Amino acid sequence: MAVHNCRDSRGGGCSVYIRDELQFVQSAKYDMQIEDCTIASFYLPTYRLSIFGIYRPPQSNAEVFMAELDKLLEKQKNTCIIIGDFNLDLLKHSQTIRTYKDLIEINAFKIQNKIKPANATRTTDNTASIIDQVITNKDLICDIYIRLIKTKLTAYKSYKIERCE
């Protein structure tokens, strides 16, 4: 099953693919002042897990995005995974990135990406970036495994979330 939200223009958008055997309820589009937010909520045996897929276009205002993300994070009471192309490069050392990391930490979330060039989600011959990220509000070491994979669906690497057996 795929839950997706495409942009009206070329590029961007967000998709969350869910295995057919998992029960899930697709939530209504979350009201953020940014484009292309897709939300899927589904149940796992031990707890309710909300998954949010978000795409932020590179030309959109990062401060507005962070203010909207802050509202979203504050509302999360259940275990939550937020995955997306935020177009905020974790390999850069800017005030915007420091503010973003502080926002995540203040809301008791954690960036799950390994922040090293070797773990870049997008690479070219000359560049590497981590603009695709996974953030969670719980330590997921026991029940959930998140890994970076290469697919033919996108030029970027994608995330695969699996339940540990």
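Reader: Which residues is Thr136 in contact with, leaving aside its neighbours within four places in sequence?

Author: Contact means heavy atoms within 4.5 Å. By that rule, Thr136 touches Cys80, Ile81, Ala108, Phe109, Lys110, Gln112 and Ile146, once neighbours within four places in sequence are set aside. Before we go on, keep in mind that this is a predicted model: local features need pLDDT of at least 70, side-chain atom pairs count only at pLDDT 80 or more, and totals for chains, interfaces and linings use all residues. Residues are numbered from 1 along each chain as its sequence is written, and side-chain values use heavy atoms, with hydrogens and water left out.

Reader: What does the side chain of Thr136 make a polar contact with?

Author: A polar contact is a pair of N or O atoms within 3.5 Å; within protein, one must be able to donate a hydrogen and the other to accept it, and residues adjacent in sequence count only if both atoms are side-chain atoms. Here the partner is the side chain of Gln112, at 2.7 Å.

Reader: Is Thr136 buried or exposed?

Author: Buried means under 20% relative accessible area, exposed over 50%, and partly exposed in between (1.4 Å probe, protein chains only). Thr136 has 1% relative accessibility, so it counts as buried. You'll find Thr136 in strand β10, residues 132–136. Strands (E, at least two residues) and helices (H or I, at least four) are DSSP runs, numbered from the N terminus.

Reader: Which strand do five bridges join to β10?

Author: Two strands pair if DSSP finds at least two bridges between them. That strand is β6, and β6 and β10 run antiparallel. As one spot to look at, Ile82 stands opposite Ile135 in β10.

Reader: How many residues of β6 are buried?

Author: Seven of the seven, so β6 is largely enclosed by the rest of the structure. In a regular strand the side chains alternate between the two faces of the sheet. In β6 both faces are covered: Thr79, Ile81, Ile83 and Asp85 are buried on one side, and Cys80, Ile82 and Gly84 on the other.

Reader: How many aromatic pairs does the structure hold?

Author: Rings of Phe, Tyr and Trp (its six-membered ring) pair if their centres lie within 6.5 Å; planes under 30 degrees apart count as stacked, over 60 as edge-to-face and the rest as tilted. There are two such pairs here. Phe65 and Phe86 have ring centres 5.5 Å apart and planes at 40 degrees, so that pair is tilted. It links distant parts of the chain, 21 residues apart: Phe65 sits in helix α1 (residues 62–74), and Phe86 in the loop between β6 (79–85) and α2 (95–106). Phe86 is buried, at 0% relative accessible area. Phe86 also pairs edge-to-face with Tyr100, at 6.2 Å centre to centre and 65 degrees between the planes. Tyr100 belongs to helix α2, 14 residues away from Phe86. Put together, Phe65, Phe86 and Tyr100 form one aromatic cluster.

Reader: What is phi of Asn87 near?

Author: Most residues other than glycine have a negative phi, and most peptide bonds are trans. Asn87 has a phi near 50 degrees, a positive value in a residue other than glycine. Asn87 is in the loop between β6 and α2, and it's buried, with a relative accessible area of 18%. Ala108 has a positive phi too, near 65 degrees. Ala108 lies in the loop between α2 and β7 (110–111) and counts as exposed, at 54% relative accessibility.
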